[in-house]
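Please look over the model shown below.

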Amino acid sequence: MVRGIGQFHPGESALHALDPRVKIVASLALVVGVFLVGSAWGFAFFAGFVGTMIALSRVPVGLFLGFLRPVFFIVALTVFFQVLFSREGAPLLEFGFVSVYTGGIERGAFLAARIFVLVLSASLLTATTAPVALTDGIEDLLSPLKRFWFPAHEVAMMMTIALRFIPTLDEETRKIMRAQAARGADFSEGGLIKRGRAIVPILIPLTIGAFRRADELAEAMESRGYRGGEGRSRYRELRFRLRDATALVVVAAVVVTAAFL
């Protein structure tokens, strides 16, 4: 089975045991914190912390590498434009109107590493938090907005379902691409317009399949008595413990330290 962003991996690690609300807040802090780091030492410290969290999660490293696969194209595009258009540093190569500078390569590498760490930080949350716990955590964090008639439960449910279906849609996209390739479709050659046209036969069945899955999910939820968040109880109540407070303090300390290094 292909793993992707949003895939939960069951386990009994210290990260799995944390309160989902704490993991959501900590993940948001890490996502924001990676943009506050401006030095190589600070970034190395930050990346080292994320790597340590991955080790503590006891989730196979190969799965996290699979989480990075969908963003490779974005990273490659980011590095390409940085190398091509940046004029910082000393010139390394000049060929016609194309000039490559050391600053462009350094900036491209830094942005690529930042995107990878960003994805890994977010993947830590989804890989160690069950979808139901994630829904409960998001709903609890949004609950203060209920007094303003904000549909906290519905929004939490939509976000969780969206995350849950990312790997499913990724797997379905690959199946459709393999089926189209067996019929002679070529997605690796031609210009931008030709490649854009080649994507259309993928998008149409993918969209139809997504709507079909949404209908099936809605029918399954209704058949089990789901009527939204009104009067809904929980099998497990969330509890904020000492280890959760410690985790928040550690994440805050790491973000602040990395920002000032």
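## Basis

This is a predicted model, in which local features need pLDDT of at least 70, side-chain atom pairs count only at pLDDT 80 or more, and totals for chains, interfaces and linings use all residues. Residues are numbered from 1 along each chain as its sequence is written, and side-chain values use heavy atoms, with hydrogens and water left out.

## The chain as a whole

The protein chain has 10 helices and 2 strands, where helices (H or I, at least four residues) and strands (E, at least two) are DSSP runs numbered from the N terminus. Their order from the N terminus is α-α-α-α-α-β-β-α-α-α-α-α. The C-alpha trace spans about 70 × 55 × 40 Å along its principal axes.

Of the 261 residues, 34% count as buried; buried means under 20% relative accessible area, exposed over 50%, and partly exposed in between (1.4 Å probe, protein chains only). Among contacts (heavy atoms within 4.5 Å) between residues at least 6 apart in sequence, 72% join residues at least 24 apart.

## Helix 2 against helix 7

Helix 2 (residues 20-36) packs with helix 7 (residues 131-142) at an angle of about 75°, and their axes are 8 Å apart. This makes helix 2 roughly perpendicular to helix 7. Axes here are lines fitted to C-alpha atoms, for helices over the stretch in contact, and angles run from 0 to 180 degrees between N-to-C directions. Angles under 35 degrees count as roughly parallel, over 145 as roughly antiparallel, 65 to 115 as roughly perpendicular, and the rest as oblique.

Helix 2 contributes Pro-20, Arg-21, Ile-24 and Val-25 to the contact, while helix 7 contributes Ala-133, Leu-134, Gly-137, Ile-138, Asp-140 and Leu-141. By class there are 7 nonpolar, 1 polar and 2 charged residues. Ala, Val, Leu, Ile, Met, Phe, Trp, Tyr, Cys and Pro count as nonpolar, Asp, Glu, Lys and Arg as charged, and the others, Gly among them, as polar.

## Helix 8

Helix 8 (residues 152-182) bends by about 35° at Phe-165, with Pro-167 following within four residues. The bend is the angle between axes fitted to the seven residues ending at a residue and the seven starting there. Buried residues of helix 8 include His-153, Met-157, Pro-167, Asp-170 and Glu-172. Just after helix 8, Gly-184 has a positive phi of about 105°.

## Ala-44

Ala-44 lies in helix 3 (residues 40-57). Its relative accessibility is 43%, so Ala-44 counts as partly exposed.
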